[in-house]
Amino acid sequence: MENGNGEVAITFAIISLTLMLFRVLYVIYRSGKPLRTEARGALSTLIVLGSGGHTAEMINLLLVLQKDRFSPRFYIAAATDNMSLQKARTLENNLVDENGVKEVQTAQFMQIYRSREVGQSYFTSVWTTLVAMAHAFWLMTKIRPQVILCNGPGTCVPLCAIAFFFKVVGVRWSSVFYVESIARVRRLSLSGLLLYKLRIADQFFVQWPQLQRQYPRAHYVGCLM
């Protein structure tokens, strides 16, 4: 009797793993396709801010974003990065509609724990990465965005990884748009390389043609700065 129960458990485990594998393969196949046709209205959008040049590039990108199309907007920066969120608040406060009327602000601003601080040892970063993943899970459960915009900071990796997990388990389909920093001329950043190799990003953009030749699934969009 015990052998029979064991065989049933093994069979169930094999079937579950097989179904999960097929689901992962489907998500990878489906990623990169256009947004579903029913998503014609406004799209809740998560914007991941880095610091310094990363934030400056993202702000430039947001200046040409169709604000009515990508709304409501949620800004996330690292817990130690108040400057980036302040710049995002300034951007949102200065928004006006096509008639020149100031728009009612609906944006939300949040912070997330860093996976690894500058100069932090890789050994201790294991724990902080786990904390960041747990925090990312909580934030993604709360926000459940339809679109994620990011451009290089390590802060985006846990959020995008949770987004991919949510796709696999059917919680939410978030389309990840990754724009590699203009500072990356010959090779991708670690964040970009992870999202590219693991096929987590639905659309991957680079700002130098040699990068596109090296990573053929990327799209060359020219310099955004």
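UniProt, in an unreviewed entry, places the feature "transmembrane region" at residues 6-29, 41-65, 122-140 and 147-166; such positions follow the numbering used here, with feature names shortened, and annotations may be inferred rather than shown by experiment. This is a predicted model, in which local features need pLDDT of at least 70 and side-chain atom pairs count only at pLDDT 80 or more, while totals for chains, interfaces and linings use all residues. Residues are numbered from 1 along each chain as its sequence is written, and side-chain values use heavy atoms, with hydrogens and water left out.

**Two annotated spans**
- Residues 6-29 are 100% helix and 0% strand, with end C-alpha atoms 35 Å apart; helices (H or I, at least four residues) and strands (E, at least two) are DSSP runs, numbered from the N terminus.
- Residues 41-65 are 44% helix and 16% strand, and the end C-alpha atoms of this span lie 15 Å apart.

**Residue N151**
- N151 sits in the loop between β4 (147-150) and α5 (156-169), and N151 is buried, at a relative accessible area of 3% (buried means under 20% relative accessible area and exposed over 50%, with partly exposed in between, for a 1.4 Å probe and protein chains only).
- The side chain of N151 reaches the backbone oxygen of H54 at 2.8 Å.

**Helix α6**
- In α6 (residues 190-197), S191, G192, L195 and Y196 are buried.
- Seen down the axis of α6, its buried residues fall within an arc of 125°, so they line one face of the helix; the arc is that of the directions from the helix axis to the C-beta atoms.
- L190 and K197, on the other side of α6, are exposed.

Key
A polar contact is a pair of N or O atoms within 3.5 Å; within protein, one must be able to donate a hydrogen and the other to accept it, and residues adjacent in sequence count only if both atoms are side-chain atoms.
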